[in-house]
Amino acid sequence: MIKVAVLMSTYNGEKYLREQIESILSQNGVQVDIYVRDDGSSDETKDILNGYAEQYPNIHVECAGNVGVGNSFMNLIYSVTDSYDFYSLADQDDIWEENKLIEAVNLLGDDYLYASNQECVDKYGNSIGLRYGEDQKINLSPVSILEKNMIAGCTMVIPNKLFRILTEEKNRPSPYLLRNRIHDVWIAMVASVFGEIVYDKRSFIKYRQHENNVVGAKSSFNKRLKERIKKVKHTEYRKGRSLLAKEIINKFPNEAAKYPLIEICSKSDTFGGKIKILKNGKELRKYTGEKRLSFFIKVMLGLF
């Protein structure tokens with residue numbers, strides 16, 4: 001039977017965690033092992049996890065210190081063996097349909113990454129519609145992911161060949177980058193420079209939207225304001241696109257060389273580099289919908 005390692009990072013997720021674990025244990029057509037890294041929870045999350053680990057031999061739990069969602073997921077990925085056929089990422093508060101994994105496996109073929117749509121639900125599990133409509137174009141090129149990643153980590157299924165690339169020590173991104181651009185953006189970028197990503201317009205996941213989402217489909221005005229304030233106060237949260245471009249070039253120079261815009265985006269620290277980014281602004285802005293003036297200000301102030 002196909003073996004899948006499901007990887008979940010948790011943080012103060014006591015409210016919805018049981019429902020998610022039960023939905024993962026109920027997967028059809030595959031053999032599932034669940035690996036959980038708790039990122040320093042202060043509620044009952046660790047007790048819930050340890051209770052499941054005692055009951056189910058295929059659930060493995062590590063309780064560790066808080067490093068943030070991006071670093072927590074990647075540290076978990078590094079800790080798991082490469083003996084599985086596929087690897088899947090899971091959020092702590094969603095609900096999976098029973099055929100989520102087998103549908104992904106059946107579609108993957110020789111592609112480097114699977115991702116899907118999501119059915120958004122409220123905190124009670126009531127549907128509020130698909131995240132992306134049938135006519136929505138999902139951009140999967142390296143440059144589009146660099147500018148605005150549209151695929152969610154909680155839908156990703158990773159074949160063994162990509163897992164080996166991600167976990168090789170020389171290919172690992174810096175913890176600094178993962179505080180700015182989290183794990184799913186890195187995984188999507190790596191997959192896109194190596195080969196094809198298969199995107200499934202169907203949804204096999206109930207993507208719960210609630211007030212404590214770390215990352216959600218839709219952000220409130222207050223949440224967006226807090227993000228902007230965080231970037232003003234903390235320099236490590238700025239220049240996400242140029243940092244990501246630099247890291248991809250540093251780790252995978254041969255693959256990144258096929259995409260000249262990645263090289264251009266990595267040069268935001270110099271005046272000449274800023275001018276080149278602005279000259280390519282029309283191409284870059286088409287993925288984000290940014291206005292020309294706001295794009296100009298962001299680049300010239302060193303925020304790109």
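Modeller: Let us begin with K206, which is partly exposed at 25% relative accessibility (buried means under 20% relative accessible area, exposed over 50%, partly exposed in between, with a 1.4 Å probe and protein chains only). This is a predicted model, in which local features need pLDDT of at least 70 and side-chain atom pairs count only at pLDDT 80 or more, while totals for chains, interfaces and linings use all residues. Residues are numbered from 1 along each chain as its sequence is written, and side-chain values use heavy atoms, without hydrogens and water.

Colleague: With which residue does K206 form a salt bridge?

Modeller: Side chains of opposite charge can pair when their charged atoms come close. Here the partner of K206 is E119, with the closest N and O atoms 3.1 Å apart (a salt bridge is a side-chain nitrogen of Lys or Arg within 4 Å of a carboxyl oxygen of Asp or Glu). E119 lies in strand β6 (residues 113-121) and K206 in strand β9 (residues 197-208), so the pair ties together parts 87 residues apart in sequence; strands are DSSP runs (E, at least two residues), numbered from the N terminus.

Colleague: Is E119 buried or exposed?

Modeller: E119 counts as buried, at 16% relative accessibility.

Colleague: How many salt bridges are there by this rule?

Modeller: The count is 14. One of them joins K298 and E290 at 3.0 Å, N to O. K298 is partly exposed at 28%, whereas E290 is buried at 15%. Salt bridges with shared partners link E147, R241, E290 and K298 into one network.

Conventions: Helix = DSSP H or I, 4+ residues; strand = E, 2+ residues; numbered from the N terminus.
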